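Subject: Handing over a structure

Hi there,

I am passing this structure on to you, and I hope you enjoy looking around in it.

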Amino acid sequence: MLNIEGLDELTQMNTFQQLIYYVQENGAYLWEQFTRHFLISIYGVLFAAIVAIPIGFYIARHSKLADWVVGAANVIQTIPSLAMLSILMLGFGIGVNTVIITVFLYSLLPIVKNTYAGVKNVDNALMDAAKGMGMTRWQQTYKVELPMAISVIMAGLRNALVVAIGVTAIGTFIGAGGLGDIIQRGVNASQGGAIILAGAIPTALMAVAADLVLAWLEKKLDPSSRVRK
Amino acid sequence: MIEFKNVSKIYGDGTKAVDDVSFTINEGEFVVLIGTSGSGKTTTMRMINRMIDSTSGEILIDGKNIKDENAVELRRRIGYVIQQTGLMPHMTVYENIVMVPKLLKWDKDKMRETAERLLKRVDMGNEFLDRYPQELSGGQQQRIGVIRALAANQDIILMDEPFGALDPITRDALQELVKHLQEEMGRTVVFVTHDMDEALKLADKIAIMSEGKVIQYDTPDNILAAPANEFVESFLGEDRLQQRSTMQTVDQVMVKTPITVTSDMTLAESIRVMRDRRVDTLFVTDMHHVLQGVVDFEGINKNRKKAETVSEIMSHVYYVKSGTLLSSVADKMLKRGYKNIPVVNEAGKLEGLVTRASLVDIVYDTIWGDDEEVESIPLETTQYQESE
Ligand SMILES: Nc1ncnc2c1ncn2[C@@H]1O[C@H](COP(=O)(O)OP(=O)(O)OP(=O)(O)O)[C@@H](O)[C@H]1O
Ligand SMILES: [Mg+2]
C-alpha cells in the first residue's frame, strides 16, 4: 500500500530508486506473497509427484499403457495456462486451490515422462540380477529402479517446478495471491514500473534458484557419477 | 542334487526352447551346459532358479519340486552370475557383495566378515570395499560378481557365460579361480558356455545341447572317448579328438608306492619315516589305506611340542581320481604350484602319486619319443645329415 505523502517524493525518483523504496516500505507484504507463491508452486508439484511417480513406474512396466498415458498428459500440457485456469475456475471457484490444481495438472506430464524414461532405461541386466538374487518386486523397485532412475525423476520435478512458478504468477487473476498480485498492482498503477519489477524480479529469481538447486540435486543423485568420496 | 525330469519350455510365441530334458546334477558337481546359440542352455539354467518357469516336467532340488517353493526364497539360496556382471552401480563393492545376506537380514559383523574373507579369496584387498563397481576393471568386476553369488553360502551357483566378455588372460585366471573355489567349498555349479575349451577345463560333467535337447551328458573324458553322434564329434572338433587318442591318464605315470603313515602314528615316528625314506612329505591314510591328508616336515617341526599324532596336524590335500587325464593334472600342478598330487581309486584308497618328476618324464617322452627311439636315433644320423 502506498501512502499518499510519499507520492510526491516518489515521482521524483528513477525506477530503481522507486523499486528500493517500494521494497523497503512493503517488505513484509512482499515476503508474504513470495512465500505464498512458492508454496502454491511446491504444493502443486508435490501432489503431482505423488500421483505421477507411481504412474511412471506403472507404465514403465506396462508399456502398452505408456503411449496412452503420456498422450493424455501431453494434451493437458498444450492447453494455455490462462484457459486452463479459467476452465478450472468454473469448477472449483476462485482462490488458491484452483491454482494448485492447475499447477498439479501441468506438472503431471514432465514427472510422468521422466519417471517412465528413467525406469525404462534401467539396464535389463541389473533387473535380471536383482530378481535372480532373490529380491521381491517391491525390493527391486526401491533398491534398484528408484535409485537408478532418481536423477532423471529429479529432472522432471525440476521442469515441473519451473513451469509451476510461471503458472502461479498468473494465479492472481483468480485471486490466489502470490507475486503475480504485485505485478498486477504495478500494471494497474500509473507509472507502476517499479512495482512490476518488485513482483517480477523475485519471480524470476525463484525460478532460477529452483532450477539451480534441483539441477545440483539431480547431479548428486546420478548413480553413474558415483565414485569414492 | 538337481534333477530334471522330462522338462520342456515353450515360450509364448511357440518357440520350443527346451524339449523333454532329463538329467541329474549331483551335489558338488561342476556341470557345464554347452551348445550352439539358441540351443536352450540359458533357458535350461534359468529354470533352476525359476527365473523361467517350465511348461511341463519337474525340476527337483534335493528331492523337492521347486514349483512348490517360494520363488524369492529359492533364488536367495541359489547364486546367480551373469555375463554383464549385474553389479549395482549405485552401491559400493561391499554393498554389492552382501546383497543377498542383507535380504536375509544377517547381522552387520557377519556381513562385514564375509565380504572381507571373500574379497581376499579373489586376491582383492579391503580397500576395494568402499569403491563403486565403475571404478574396477572388467575382470575385477566379475570377481565381485562371482563372490556375490557365494556370499550367502549358496549351495548351488548358476553362471551364464560369466567370462564371455573378458580377455583370454583374465578369463583364464577367473576360470582357475572359480574351479578352485568350487572344489574347495564343494558347491554345485551349473555353468553355461559355448566355449568347448572352457567346458573341458572346468566341467566334471558336460551336457551338450542342441535344439532344446541334451544330446550327451557325461564326463569330459568319456565324451572325448566316445562322442554320442556326429553332432557331438563336430562340436568337439577333430583336433581335440585326435589329441585325446594320445592322451595319457595319471595311472600311466604315477609313482605306485607313495610313502604313507597312518593317522595314529606319532610325530617322532613320522620323522623317522621321513629320514629313512628321504622324503619331506608323508601322506596320511587310515587303516584301510584311504587317503586322509598330508603332513610335511615343516608342519611336524613347528608342532613338535603341541601335537602327539599326525592326525592332529595333517592338512587337507588336493587329489585326483585314477583315470584322470594327465593334461588336466599337469595344468593344476603348473598353475597352482602343487609339488605333487595323489591319485585315489573310487573308494578313496591311495593308489599312487603324480610328481613333478613324472611330468618331466612326459615332456621328455613327447620331445624325444620312447626310450627305444632315443636309442634308435644315434649320433651318426646327425653326422650323416651334416655330411650331406
Ligand atoms: N523370452 C523369450 N521369448 C521367446 N523366445 C525365447 C525367449 N528367450 C529365448 N527364446 C528362444 O528360445 C531358444 C533358446 O534360447 P536360449 O536363450 O535358452 O538359448 P542359448 O542356448 O542360451 O543361446 P545363446 O548361446 O545364444 O545364449 C532360442 O530360439 C530363443 O530365441
Ligand atoms: Mg544364453
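Let me start with the ligand. By class, the shell around ligand 1 holds two nonpolar, nine polar and three charged residues. Here Ala, Val, Leu, Ile, Met, Phe, Trp, Tyr, Cys and Pro count as nonpolar, Asp, Glu, Lys and Arg as charged, and the others, Gly among them, as polar.

Before going on, two notes on how to read all this. This is a predicted model, in which local features need pLDDT of at least 70 and side-chain atom pairs count only at pLDDT 80 or more, while totals for chains, interfaces and linings use all residues. Residues are numbered from 1 along each chain as its sequence is written, chains are lettered from A and ligands numbered from 1 in the order in which they are written, and side-chain values use heavy atoms, with hydrogens and water left out.

**Around ligand 1**

Which residues come nearest to ligand 1? Of the 14 residues around it, they are Ser37(B), Gly38(B), Lys41(B), Thr42(B) and Thr43(B); a residue is near if one of its heavy atoms lies within 4 Å. Helix H1 (residues 41–48) of chain B gives the largest share of the shell, three residues. Helices (H or I, at least four residues) and strands (E, at least two) are DSSP runs, numbered from the N terminus.

Several oxygen atoms of the ligand are worth a look. One lies 2.5 Å from a polar side-chain atom of Ser37(B), and an oxygen atom of ligand 1 is also 2.5 Å from an N or O atom in the side chain of Thr43(B). For Gly38(B), a backbone N or O atom lies 2.8 Å from an oxygen atom of ligand 1. The protein covers 61% of the 630 Å² of accessible area that ligand 1 has on its own (areas come from the Shrake-Rupley method with a 1.4 Å probe; for residues, only the protein chains shown count as cover).

**Chain B as a whole**

Chain B has 19 helices and 16 strands, and its C-alpha atoms fill a box of roughly 75 × 65 × 45 Å along the principal axes. Of its 388 residues, 50% count as buried (buried means under 20% relative accessible area, exposed over 50%, partly exposed in between, with a 1.4 Å probe and protein chains only). The accessible surface of chain B is about 19400 Å², and 48% of that belongs to carbon and sulfur atoms. Among contacts between residues at least 6 apart in sequence, 61% join residues at least 24 apart, where contact means heavy atoms within 4.5 Å.

Most residues other than glycine have a negative phi. Asp62(B), not a glycine, has a positive phi of about 50 degrees and sits in the loop between strand S4 (56–61) and strand S5 (64–65) of chain B. Thr85(B) also has a positive phi, of about 65 degrees; Thr85(B) counts as buried, at 11% relative accessibility.

Thr309(B) is in the loop between helix H14 (297–302) and helix H15 (310–313) of chain B. Is Thr309(B) buried or exposed? With a relative accessible area of 18%, Thr309(B) is buried. Its side chain makes a polar contact with the side chain of Ser311(B), at 2.9 Å (a pair of N or O atoms within 3.5 Å; within protein, one must be able to donate a hydrogen and the other to accept it, and residues adjacent in sequence count only if both atoms are side-chain atoms).

**Chain A**

The mean pLDDT of chain A is 89, and 94% of its residues reach 70 or more; pLDDT is the predictor's confidence in each residue, from 0 to 100. Confidence is lowest in helix H1 (residues 4–11) of chain A, with a mean of 58, and highest in helix H7 (residues 124–132) of chain A, at 96. Where pLDDT is low, the predicted coordinates should not be read in detail.

Seven of the nine residues of H7(A) are buried, so this helix is largely enclosed by the rest of the structure. Its cover includes helix H8 (137–169) of chain A, and H1, helix H2 (71–76), S6 and helix H6 (138–148) of chain B. Asp123(A) caps the N-terminal end of H7(A), with a side-chain oxygen 3.0 Å from the backbone nitrogen of Ala125(A).

Happy exploring!
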